[in-house]
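Dear colleague,

I am handing over a structure that is new to you, and the notes that follow it say what was found. Please read them with the model open beside you.

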Amino acid sequence: MNTPVNVCVVGAGLMGHGIAQTFAQAGHAIFLFDVDKNTLELAPLLIEKNLRQMGIDPKPVLDNIELCSDIASAVFSTDFIIEAITENLWLKQALFSSLAELAPSHAILASNTSVIPITDIGEKLSDKVRSRLVGTHWWNPPHLIPLVEIIKTSFTDDAVFETTFDLILSLGKQPVKVFQDVPGFIGNRLQHAMWREALYLVSTGVCDAETIDL
Ligand SMILES: NC(=O)c1ccc[n+]([C@@H]2O[C@H](COP(=O)([O-])OP(=O)(O)OC[C@H]3O[C@@H](n4cnc5c(N)ncnc54)[C@H](O)[C@@H]3O)[C@@H](O)[C@H]2O)c1
């Protein structure tokens with residue numbers, strides 16, 4: 001997907017507005033939706049501020065972003081949808097059930113969940129729909145951090161996984177492939193392993209906490 005595609009970002013909060021910015025900077029048409037009107041209206045202002053701090057002219061980027069007041073108009077012509085809503089399994093399941101009804105049947109459905117298994121998010125979807133479901137775990141702030149984990153489940157179609165990887169790569173990001181939907185994916189598991197070892201070293205008297213911090 002090196003040519004521009006229509007992208008919907010659902011959830012315009014901390015992560016959503018930065019993800020929308022990243023796609024818009026790469027020339028994709030963005031349809032941005034949030035259930036909270038104030039959050040939605042704040043998003044272009046935050047994006048403009050980010051871009052000015054980065055020394056980038058905000059106008060052409062903002063021109064690529066359309067704010068949508070309802071989910072149906074946000075997704076009806078999209079090729080790629082990223083969910084960045086509140087970290088709640090039931091909310092995410094309900095959203096993806098709506099997307100299954102409203103989005104084009106070719107659209108890739110991606111979740112930016114931090115810790116919820118993608119498999120659980122797709123639990124209530126048909127096999128056909130969840131073959132288009134994939135994880136894309138961005139890091140805060142998404143417009144600055146290169147890493148994006150691309151997570152495959154046992155039901156994700158190989159072509160969907162590869163297309164998602166290529167699309168994120170084309171944004172100038174550093175996608176990595178996570179072949180199994182394990183808790184914490186890769187990055188958080190590595191971070192937690194280090195924290196666990198730090199606690200062990202302090203609790204066994206090898207060193208004190210100040211030493212770990214240093
Ligand atoms: N904050 C981080 O550092 C970080 C990093 C990686 C991943 N994530 C994940 O990204 C997702 C979003 O996190 P965030 O920090 O941006 O949260 P946030 O609270 O800043 O934004 C979430 C937004 O989702 C909106 N929302 C809730 N339900 C909705 C729905 N049904 N439809 C449309 N919009 C809806 C809310 O109004 C809110 O504006 C979560 O799953 C989180 O775990 C967060």
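In what order do the eight strands of the open sheet stand? Please keep in mind throughout that this is a predicted model. The order is β3-β2-β1-β4-β5-β6-β7-β8, and the pairing within this open sheet is mixed. The edges are taken by β3 (65–68) and β8 (174–178), and because each of these has a single partner strand, one side of each is left without a neighbour in the sheet. On average, and with direction ignored, neighbouring strands of the sheet are turned by 25 degrees against each other.

Helix α1 (residues 14–25) and helix α2 (residues 37–53) pack at an angle of about 60 degrees, and their axes are 10 Å apart. That angle makes α1 oblique to α2, and α1 passes α2 in a right-handed crossing. On the side of α1 the residues in this contact are H17, Q21 and Q25, which meet A43, L46, I47, N50 and L51 in α2. Sorted by class, the contact of α1 with α2 has four nonpolar and four polar residues, and no charged ones.

As for charged pairs, side chains of opposite charge can pair when their charged atoms come close. The count comes to eight salt bridges, and one of them links K37 with E41, whose closest N and O atoms are 3.2 Å apart. Why are K37 and E41 separated by about one helical turn? The reason is that K37 and E41 are four residues apart in helix α2.

A cis peptide bond, with omega about -5 degrees, joins N140 and P141, and P141 lies in the loop between β6 and β7 (147–151). F185, although it is not a glycine, has a positive phi of about 50 degrees, and the place of F185 is in the loop between β8 and α9 (187–203).

Technical notes:
Residues numbered from 1 in each chain as written. Predicted model: local features only at pLDDT ≥ 70, side-chain atom pairs only at ≥ 80, totals over all residues. Heavy atoms only, no water. Pairing = 2+ DSSP bridges. Helix = DSSP H or I, 4+ residues; strand = E, 2+ residues; numbered from the N terminus. Axes fitted to C-alpha atoms, helices over the stretch in contact; angles between N-to-C directions. Parallel < 35°, antiparallel > 145°, perpendicular 65-115°, else oblique. Left-handed = near helix turned anticlockwise from the far one by under 90°. Contact = heavy atoms within 4.5 Å. Nonpolar A, V, L, I, M, F, W, Y, C, P; charged D, E, K, R; others polar. Salt bridge = Lys/Arg side-chain N within 4 Å of Asp/Glu carboxyl O.
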